[in-house]
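Subject: Structure for your files, with notes

Dear colleague,

Please find the structure below. My notes on the fold and the pockets follow it.

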Amino acid sequence: MALVFVFLYAPIFVLIVFSFNDSNSRSVWAGFTLDWYVELFKDQQIIDALYTTLAVSALASVIATVAGTFAAIGFYNMRRRWRTPLMTVNNIPMMNADIVTGVSLCLFFVAAFGLWSTVASWLNANLGTALPTTLYLGFGTMLVAHITFNIPYVILSVMPKLRQMDKNLVDAAQDLGCTWMQAFWKVVVPEIKPGIVNGLLIAFTMSVDDFVISYFTAGSSTANLAMRIYAMTKKRISPKVNAVSTLLFVTVLALLIVINVREARQAKAEERRKAA
């Protein structure tokens, strides 16, 4: 197992070390420096890509969490003969290759834009509207793509908490005078809140880390951090790539630690509750 971990993490460790190297060399250590991190934050293209990454990740994770939570509740309340095949369909995007998802979403957007162009042209000609007839891949399409692939992860995070919840709690709340909506916010949401938060963190992590799907759905006018790093590696690799990759790795690692710590605490709390 130690050899496996060395195989997996040695390249990342080398990358992190050479992000502090006082030289352009990728093999000779010339001393410690933070200059490449300073240069990184002076690069406007990288800063723009960082803002795009954070904006897409935040919006996609919040929207996917809301949609995935309500979808999970819907699945939970279905009969088993309907829930089982639908959950299988929900799991397919997670097992599917990212490149297949990216290409299919790209083709879907192109087809949708073609349909929109026809409809907009007809409306402009017949109703005198001034709708744009040409749409392009960009921030909006990348956001929709991220929401799409994040929703299944949120559903899988929320479903276990729904199964652990006592089915009679909602009925008891309504018997005590709550409306369905009050019972939902005061009983259901607090019970499944750990799953919702975990789903939100996982969705954010997946969005920050995504490259393939973003590459096919962002178009030529928008780029997230992963795409910008890829573009930088096509030329002579600058140590700034090491610096930005280090920051991205540390961010994802921190989020994964938070998720695992939360899950471990939830498991211990559940064990104590059962023991009591």
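Helices (H or I, at least four residues) and strands (E, at least two) are DSSP runs, numbered from the N terminus. On that basis the protein chain reads α-α-α-α-α-α-α-α-α-α-α from the N terminus on, with 11 helices and zero strands. Its radius of gyration is 23 Å, well over the 19 Å that the globule rule gives for 276 residues, so the chain is more spread out than a compact globule. The radius is taken over C-alpha atoms, and the rule is 2.2 Å times the number of residues to the power 0.38.

This is a predicted model: local features need pLDDT of at least 70, side-chain atom pairs count only at pLDDT 80 or more, and totals for chains, interfaces and linings use all residues. Residues are numbered from 1 along each chain as its sequence is written, and side-chain values use heavy atoms, with hydrogens and water left out.

Overall figures

The C-alpha trace spans about 70 × 70 × 30 Å along its principal axes. Of the 276 residues, 36% are buried (under 20% relative accessible area, with a 1.4 Å probe and protein chains only). Among contacts (heavy atoms within 4.5 Å) between residues at least 6 apart in sequence, 71% join residues at least 24 apart.

Pockets

A pocket here is an open set of points on a 1 Å grid over the protein atoms alone, where a 1.4 Å probe fits, with protein on both sides within 12 Å along at least five of seven lines; lining residues have an atom within 4 Å of a point. A volume is the space filled by probe spheres set on the points.

The largest pocket has a volume of about 390 Å³. Helix H1 (2-18), helix H10 (225-233) and helix H11 (239-275) each give two or more residues to its lining, and H11 has the largest share, six residues. The lining holds 15 residues, and Ile12, Asp209, Ser245, Leu248 and Phe249 lie nearest the centre. By class, 13 are nonpolar, one is polar and one is charged (Ala, Val, Leu, Ile, Met, Phe, Trp, Tyr, Cys and Pro count as nonpolar, Asp, Glu, Lys and Arg as charged, the others, Gly among them, as polar).

The second largest pocket has a volume of about 250 Å³. Its lining includes Tyr76, Asp166, Lys167, Asp171 and Trp180. Helix H3 (44-76), helix H7 (168-175) and helix H8 (180-209) each supply at least two lining residues, with H8 giving the most, three. This lining has eight nonpolar, one polar and three charged residues.

Regards

Definitions and conventions:
Buried < 20%, exposed > 50% of the residue type's maximum accessible area, 1.4 Å probe, protein only.
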